[in-house]
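Subject: Structure for your review

Dear colleague,

Please find the structure below, followed by a summary of what was found in it. I would be grateful if you could read the two side by side.

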Amino acid sequence: MAKITYVEHGGTEHVVDVANGLTVMEGARDNGIPGIEADCGGACACSTCHVYVDPAWVEKLPAKDAMEEDMLDFAYEPDPERSRLTCQLKVTDDLDGLRVQMPEKQI
């Protein structure tokens with residue numbers, strides 16, 4: 001289980017425990033976190049679960065694959081370093097303490 005902090009665009013923080021094996025997107029969805037829409041349900045087909053990863057975590061996460069890179073082109077104001085799709089981040093104990101911030105809006 002990992003404690004993950006989801007930060008809304010306006011600054012409101014939500015700290016939740018997310019079970020290993022789920023994705024960061026599922027953790028947000030299952031806990032009613034606003035700002036992550038996840039329209040495609042985690043199929044990496046919509047970019048509506050886009051977040052900005054805290055700079056301290058960028059290098060700790062697995063690299064983006066080609067599909068995620070392509071979908072981020074459709075995200076609202078993607079950041080080449082910090083943008084990730086939460087449906088592609090599988091939760092493990094190694095993600096304990098992860099902080100992600102939602103963009104102003106999802107496309």
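**Findings**

Met 67 lies in helix α2, where helices (H or I, at least four residues) and strands (E, at least two) are DSSP runs numbered from the N terminus. The model is a predicted one, in which local features need pLDDT of at least 70 and side-chain atom pairs count only at pLDDT 80 or more, while totals for chains, interfaces and linings use all residues. Residues are numbered from 1 along each chain as its sequence is written, and side-chain values use heavy atoms, with hydrogens and water left out.

Met 67 is partly exposed, its relative accessible area being 44%. Accessible areas come from the Shrake-Rupley method with a 1.4 Å probe, and for residues only the protein chains shown count as cover. Between the C-alpha atoms of Met 67 and Ala 43 there are 10 Å, the two residues being 24 apart along the chain.

Helix α2, residues 66-72, also holds Glu 69, which is partly exposed at 40% relative accessible area. Glu 69 belongs to a negative surface patch together with Asp 65, Asp 70 and Asp 73. Patches are made of residues with over 30% relative accessible area and no salt bridge, like charges being joined within 9 Å and nonpolar side chains (Val, Leu, Ile, Met, Phe, Trp, Tyr) within 5 Å. Lys and Arg count as positive and Asp and Glu as negative, whereas His and the chain ends are not counted. The place of a charge is taken as NZ of Lys, CZ of Arg, CG of Asp or CD of Glu.

I turn next to the salt bridges. Side chains of opposite charge can pair when their charged atoms come close. The whole structure contains five salt bridges, each defined as a side-chain nitrogen of Lys or Arg within 4 Å of a carboxyl oxygen of Asp or Glu.

One of them joins Glu 68 to Arg 84, with 2.8 Å between the closest N and O atoms. This pair links distant parts of the chain, 16 residues apart: Glu 68 is in helix α2 and Arg 84 in strand β4 (residues 83-85). Glu 68 is buried at 1% relative accessibility, and Arg 84 is buried at 5%.

Another salt bridge is formed by the side chains of Asp 17 and Lys 3 (3.0 Å, N to O). Asp 17 is in strand β2 and Lys 3 in strand β1 (residues 2-7), 14 residues apart. Asp 17 is partly exposed at 42%, and Lys 3 is partly exposed at 38%.

Arg 99 and Glu 13 form a further salt bridge, their closest N and O atoms lying 3.0 Å apart. Arg 99 is partly exposed at 29%, as is Glu 13 at 43%. A network of salt bridges links Glu 13, Asp 54 and Arg 99.

Finally, Thr 23 sits in the loop between β2 (13-18) and α1 (24-30), and Thr 23 is buried at 9% relative accessible area.

Yours sincerely

How values were computed: Buried means under 20% relative accessible area, exposed over 50%, partly exposed in between (1.4 Å probe, protein chains only).
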